[in-house]
Amino acid sequence: MTQFYGKTKICYGENALETLEELAVKQAFIVTDPFMVKVGFIDHIKSHLNRGHIPYRLFDGVEPDPSLESVTKATRLFMESGADCVVALGGGSALDMAKAVVFFAHKARGGQKPLMVAIPTTSGTGSEVTAISVVTDKVNEVKIPLNDDLLIPDVAILDARFTRSLPPSVTGVTGMDVLTHAIEAYTSRRANSFTDIYAEQAVRYVFRYLLRAYTNGDDMEARRQMLLASCMAGMAFNNSGLGITHSIAHSLGGLFHVPHGLANAVVLPYVIRFNSFDAGVKYRELAAMLGLPAATVEEGVTSLVTAVRELNAAMNIPGRVGALKVEEAAYKANQQTIANNVLQDICTEGNPRKPSHDDICGLLEKIW
Ligand SMILES: NC(=O)c1ccc[n+]([C@@H]2O[C@H](COP(=O)([O-])OP(=O)(O)OC[C@H]3O[C@@H](n4cnc5c(N)ncnc54)[C@H](O)[C@@H]3O)[C@@H](O)[C@H]2O)c1
Ligand SMILES: [Fe+2]
């Protein structure tokens, strides 16, 4: 059986934040990071909740790549607050933390699920519509992707004004996360006609608008379209799964703290090449859709790899892992661990080519 599931009510465009005033809830628990408080973004959320006469508690302790410890702390505070709704404002880290809180609170409250509202401030993870929450075990330096339909937010509010303050470097790498979601969703073993539609549109938007948003952060058309692309790519991969670019990025993030989008951006061209025997036809379709030379499968694959590399280069993203802040000796010493992590990662299931341990080690050599 083939399925496509989209549960989240997606509100976007002007006045989308007014959705907060109409929530049928008794009390909200806001989950965010200190930056959102410092720049006053949180005040917009508070003011809409006030207008809707919805009392709230604030948790602003989200750190990048939320840890098991901070998820536990936030869940305890949520349970004490008695709230029946979680409103998350921030990047993938804040959204994922909030989703994990909802998951554990549901279990602790005997099956009563709090309403979950996700307001992304990066155009990257698509977490506002996905069943995934990535939590980091900081003791064992490994990322744990939770995957459960309970984690899918009920409401997503897309207001591109929150993304305007993203510095070019974060705009670039989070945008490449969107592209990786879309391309891996499109070539996944579980891709279907519905996921293809979302993935294709996300790929189009990234190539049309990411460089504009990177070059001029005040280009609000580019910001709006990138936020939609991020959400669309999320809809696609939530149904189709991803591939080994993500599996490798998870391991590089857990072991060496390479930011998620940056790891994906660097690894993606190598994985396209690695998968090209099995997924070449689909890579060629994407290249043709983008108006790139694609007379043959080989030409289409090469065009797509080149286009991804050029987009990276235009945003000052290096072409290999060796150029990142990763120590060579540690990388080499951990190669077996990374390969094992990759084989066990949930995203590897979707990869169009089934990799062996040796394949992954070979790929790790190449990406260095
Ligand atoms: N749930 C999913 O489906 C999914 C998918 C991919 C990645 N992830 C996870 O999401 C996390 C990465 O999320 P991310 O890339 O959105 O980054 P992030 O949430 O970690 O934020 C990165 C930094 O950018 C800052 N920031 C966020 N929004 C900003 C804005 N508008 N202006 C200025 N600064 C801003 C944050 O304060 C933080 O310091 C990782 O933990 C990754 O594993 C989850
Ligand atoms: Fe991602």
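Analyst: A residue counts as near a molecule if one of its heavy atoms lies within 4 Å of it. This is a predicted model, in which local features need pLDDT of at least 70 and side-chain atom pairs count only at pLDDT 80 or more, while totals for chains, interfaces and linings use all residues. Residues are numbered from 1 along each chain as its sequence is written, chains are lettered from A and ligands numbered from 1 in the order in which they are written, and side-chain values use heavy atoms, with hydrogens and water left out.

Around ligand 1 there are 26 residues, of which Asp65, Gly92, Ser93, Thr122 and Phe162 come nearest. Ser93 also makes a polar contact, its side chain placing an N or O atom 2.6 Å from an oxygen atom of ligand 1; such a contact is a pair of N or O atoms within 3.5 Å. Nitrogen atoms of the ligand take part as well: one is 3.2 Å from a polar side-chain atom of Ser127, and a polar backbone atom of Ile132 lies 2.9 Å from a nitrogen atom of ligand 1. The protein buries 88% of the 870 Å² that ligand 1 exposes when taken alone, areas being computed by the Shrake-Rupley method with a 1.4 Å probe.

Helix 1 (34-38), helix 4 (92-108), strand 6 (132-137) and helix 5 (168-187) each give two or more residues to the shell, where helices are DSSP runs (H or I) of at least four residues and strands (E) of at least two. Helix 4 gives the most, with 4 residues.

Terms used. A polar contact is a pair of N or O atoms within 3.5 Å; within protein, one must be able to donate a hydrogen and the other to accept it, and residues adjacent in sequence count only if both atoms are side-chain atoms.
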